[in-house]
Amino acid sequence: MATALDTVREYTGHEYKYGWVTDIESEVAPKGLDEATIRMISAKKDEPAWLTDWRLEAYRRWLTMEEPRWQKVTYPPIDYQAISYYAAPKQKERPKSLDEIDPEIRKTYDKLGIPIREQEVLAGVAVDYVFDSVSVATTFKNKLKELGVVFCSISEAVQEHPELVRRYLGSVVPQGDNFFAALNSAVFTDGSFVYVPKGVRCPMELSTYFRINAAETGQFERTLIIADSGSYVSYLEGCTAPQRDENQLHAAVVELIALDDAEIKYSTVQNWYPGDAEGRGGIYNFVTKRGACRGRNSKISWTQVETGSAITWKYPSCILQGDNSVGEFYSVAVTNNHQQADTGTKMIHIGKNTRSRIVAKGISAGRSDSTYRGLVRVLKSAEGARNHTQCDSMLIGDRCGAHTVPYIEVRNPTAKCEHEATTSKISDDQLFYCRSRGISEEDAVALVVNGFCREVMDELPMEFAVEARKLLAISLEGSVG
Amino acid sequence: MTALLEIRDLAVSVDGKTILDEFELVVGAGEVHAVMGPNGSGKSTLAYVLAGREGYQVTRGTIRFLGRDLLTLEPEERAAAGLFLAMQYPVEIPGVANMYFLRQAMNAIRKARGEPDISAADFMKRLRAQAELVGVPPELLKRDLNAGFSGGEKKRNEILQLLMLEPRLAVLDETDSGLDIDALRTVAEGVNRLRSPERAMLVITHYQRLLDYIVPDRVHVLVDGRIRRSGGKELALELEAEGYAAFQPKPAEPATAAA
């Protein structure tokens, strides 16, 4: 007789729901990377000379670097000359209003359930839409402008707020920080830019929706968020990509800067195409995300729900420089089929009385492998620093793996660091209990998993918590019934 | 009148070992039946087979519930058809609020029956009233399902689910274990409230004391996987006085087919 375990195995057969391709004319750069490619990208975007030079410097550093291999993921070597570094939907110029957006692109976002409109579903959320490498629309711009909040594509910011971009770009993640960050610095094509002026509490969620469409391209977006003294902003990114047999590289860089008494809340719902049940295709999500709590009493909070990608490899981090600054990391990483995830965070305590909190929940199903890797570093200067880390893993089935690799380095005797870790399985008892109350097996798995992740889900902005819950259910969905 | 539950010549094995054999039971609408037996007699197996738990292999016989072949239904379909099992060991589900779970269960059953979701207001109204009835305090409704509940709280909560889901057949598996006398009385009152001409109950218990409060129409004595005797409510008292020893199979008559 089949056990619940066998039926749970069927959950590994879920299908990706965002895997279609939009038929749209694109301008795609020839494959390959050299200085000419970078000059071409820079010229296309009409960038100032300092930025072209900045990119070239990054490229030269990248050439001297080696691709890191220490992470617990495996993938065949990436041929960086077989990737196209620029893809953009063909349109004469950036649409001036939302009505001018190419109907095919509009349809894509409608199909994804995030219509490009300024009302209805996403009322109260301003969205920047990034299609392949470029931003195609930003909503609620005028309303934000009244408050002095700048929310636009980074290409626009380079033109309109060059002083801010020049001052902060690369100030948290320098060009030569790591192999993928260097690559991104050389070739990034677009991304979002946010500046919240002193004392302003941004009245709505800011959101970017990333969509990879073109084949054999990489997506290298760059996001820069600056919260000036006493300001607050909540930002969310979502991502999907078509279903393709070959792997696609996504190497983004996100930099956050919080000045005195400022707070940035950064939430990610990542659902890049994870590959099929045999492990063919899928996105390589190699991303560098880092926030600097530069000011006193500043706070940066990362919340991520990671359900997609063939490989997820990232460590959203906080540099707690300002005294009394706070860093938080809440993460749910779901892996299924042959997905691999090596994710976690770094909390670097520099200022006095800095505090950090880490809650990481890993759910592994199928033949997937999930690793939490986290660093808590307390420097000598960080008098009275506090950290609490909690890592919980849940296994579904008996062919997946979960690993926890915590690094704790403490150089100040007044610091207090705590680390808790648990591993559990969805039990047959739990599933039977739910089913005996009328809840289907699929819903029961989703219910138990959502319960397991609740601490993290509670951190998501309300509008997206519902979506994220559904996404979790879909990621573990099977063909039962 | 057709029987609500009709079990005929049932044989059930677990890991190849026969637990229930030649088991017969017919429960009519409006009736309360008690199945009494010592530890290891197959009481919980009976409860789990009815609810459709995996790992309980039916090797022979039939179970009909409201005219349907119960054995072809998944556990959730059985719930939708109107069967409820109050469990001996309710399961903890961390992170899932008690009342959220209950509402999800109610709506799942309503959906399966083609009914619309219950409104939040109606749900709360009913929940508050029923919770008070079985002595489940409001804070317990907000806590994670069964997580850190005492034995008594778990059992009360099972009965609360029973009252909310209003099944046609309620199976109570050792609901009395772990309850003090006051709790036993409250729980029994809750169950009695549900008694109606359309509804039946199957009370599975080791001891007679629960039957002081939930008075059965019929009592069956289960020993070594078979019903050895059936009678009226006085049979329970007889059992209490004499114990199960009198019902043990004679050595000449092998109790089970296991060998």
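No disulfide (a pair of cysteine sulfur atoms within 2.5 Å) is counted over all chains of this predicted model. Cys318(A) takes part in none, and the nearest cysteine sulfur, in Cys293(A), lies 5.6 Å away. Cys318(A) is buried, with 0% relative accessibility. Buried here stands for under 20% relative accessible area, exposed for over 50%, and partly exposed for values in between (1.4 Å probe, protein chains only).

The model is predicted; local features need pLDDT of at least 70, side-chain atom pairs count only at pLDDT 80 or more, and totals for chains, interfaces and linings use all residues. Residues are numbered from 1 along each chain as its sequence is written, chains are lettered from A and ligands numbered from 1 in the order in which they are written, and side-chain values use heavy atoms, with hydrogens and water left out.

Nonpolar cores were examined next. Such a core is a set of buried Ala, Val, Leu, Ile, Met, Phe, Trp, Tyr and Cys residues joined through side-chain atoms within 4.5 Å. The largest has 69 residues. Ile363(A), Val449(A), Leu5(B), Ile7(B), Leu46(B), Leu50(B) and Phe101(B) touch the most other members. Apart from this core lies another, of 46 residues, with Met106(B), Leu141(B), Leu210(B) and Leu235(B) among them. Contact means heavy atoms within 4.5 Å. Leaving aside residues up to four places away in sequence, Leu50(B) touches Leu5(B), Ile7(B), Ile63(B), Leu70(B), Arg78(B), Leu83(B), Val171(B) and Leu202(B).

The interface draws 24 residues from chain A and 37 residues from chain B. The two chains bury about 2300 Å² between them (accessible area, 1.4 Å probe, lost on being put together, summed over both), and 60% of it is on carbon and sulfur atoms. Phe432(A), Tyr433(A) and Arg437(A) supply 34% of the area that chain A buries against chain B, more than any other three residues.

Five salt bridges (a side-chain nitrogen of Lys or Arg within 4 Å of a carboxyl oxygen of Asp or Glu) are counted between chain A and chain B. In one of them, Glu76(B) pairs with Arg435(A), the closest N and O atoms being 2.7 Å apart. Helix 1 (4-9), helix 9 (428-436) and helix 10 (441-452) of chain A are the elements that each give two or more residues to the side touching chain B. Helices (H or I, at least four residues) and strands (E, at least two) are DSSP runs, numbered from the N terminus. Helix 9 of chain A gives the largest share of that side, eight residues.
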